[in-house]
Amino acid sequence: MMEARIRLKYGQVRDLSVEFPLTCNWLSEGCNGGWGIFGGMFMDSFYTTHEKCAPYQVPLKKRCSAYKKCPKVAKLENVRNVGGFYGSPTEEEIIRELRANGPVVMDFQAG
């Protein structure tokens with residue numbers, strides 16, 4: 001989502017690390033689950049780096065401290081829930097957000 005929004009807004013192509021926020025985000029429990037909004041909150045308060053500096057690894061093998069020399073290359077601003085709060089957006093609100101700003105992060109709960 002971040003890569004696409006950066007490209008749409010600034011015309012820049014960035015290869016951002018997926019590993020860094022998974023490994024370093026203590027809010028969302030990394031690959032052990034968690035909520036998408038906590039990924040956004042982490043990226044709003046902190047940052048991510050280049051994929052080359054923190055490449056994706058399965059299984060996770062490193063600790064966040066392994067990436068302390070990686071440059072800060074992108075962060076989010078104005079993280080919010082479409083519709084105002086978690087679980088509230090209508091299809092129309094999601095479509096409006098997609099058209100206005102590009103891709104969104106979504107999660108759902110299967111019932």
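This is a predicted model: local features need pLDDT of at least 70, side-chain atom pairs count only at pLDDT 80 or more; totals for chains, interfaces and linings use all residues.
What covers the buried residues of helix 3? The cover includes helix 1 and helix 2.

Helix 3 spans residues 36–45. Within helix 3, Gly40, Phe42 and Met43 are buried. Viewed down the axis of helix 3, the buried residues fall within an arc of 160°, so they line one face of the helix.

Next comes the core. The largest nonpolar core has 14 residues. Met2, Leu16, Phe20 and Tyr67 touch the most other members. Helix 1 (2–10), helix 2 and helix 3 each supply at least two residues of this core.

Leaving aside neighbours within four places in sequence, phenylalanine 20 is in contact with Asn25, Phe42, Tyr47, Thr48, Thr49, Ala54 and Tyr67. Phe42 in that list is one of the buried residues of helix 3. Tyr67 is, like Phe20, among the core residues that touch the most other members.

Now the aromatic rings. The structure holds six aromatic pairs. In the pair of tryptophan 26 and phenylalanine 46, the ring centres are 5.2 Å apart and the planes stand at 70°; the pair is therefore edge-to-face, as the angle is over 60 degrees. Tryptophan 26 sits in the loop between helix 2 (19–24) and helix 3, while phenylalanine 46 sits in the loop between helix 3 and helix 4 (91–101), so the pair ties together parts that are 20 residues apart in sequence. Tryptophan 26 counts as exposed, at 56% relative accessibility. Phenylalanine 46 counts as partly exposed, at 34%.

Glutamate 97 is found in helix 4. Its relative accessible area is 8%; because that is under 20%, glutamate 97 is buried. Beyond its neighbours within four places in sequence, glutamate 97 is in contact with Arg5, Arg80, Val82, Gly102 and Val104.

Last, leucine 60. Leucine 60 is found in the loop between helix 3 and helix 4. At 35% relative accessibility, leucine 60 counts as partly exposed. Leucine 8 is 52 residues from leucine 60 along the chain, and their C-alpha atoms are separated by 31 Å.

Definitions and conventions. Residues are numbered from 1 along each chain as its sequence is written. Side-chain values use heavy atoms; hydrogens and water are left out. Rings of Phe, Tyr and Trp (its six-membered ring) pair if their centres lie within 6.5 Å; planes under 30 degrees apart count as stacked, over 60 as edge-to-face and the rest as tilted. Helices (H or I, at least four residues) and strands (E, at least two) are DSSP runs, numbered from the N terminus. Buried means under 20% relative accessible area, exposed over 50%, partly exposed in between (1.4 Å probe, protein chains only). Contact means heavy atoms within 4.5 Å. A nonpolar core is a set of buried Ala, Val, Leu, Ile, Met, Phe, Trp, Tyr and Cys residues joined through side-chain atoms within 4.5 Å. The arc is that of the directions from the helix axis to the C-beta atoms.
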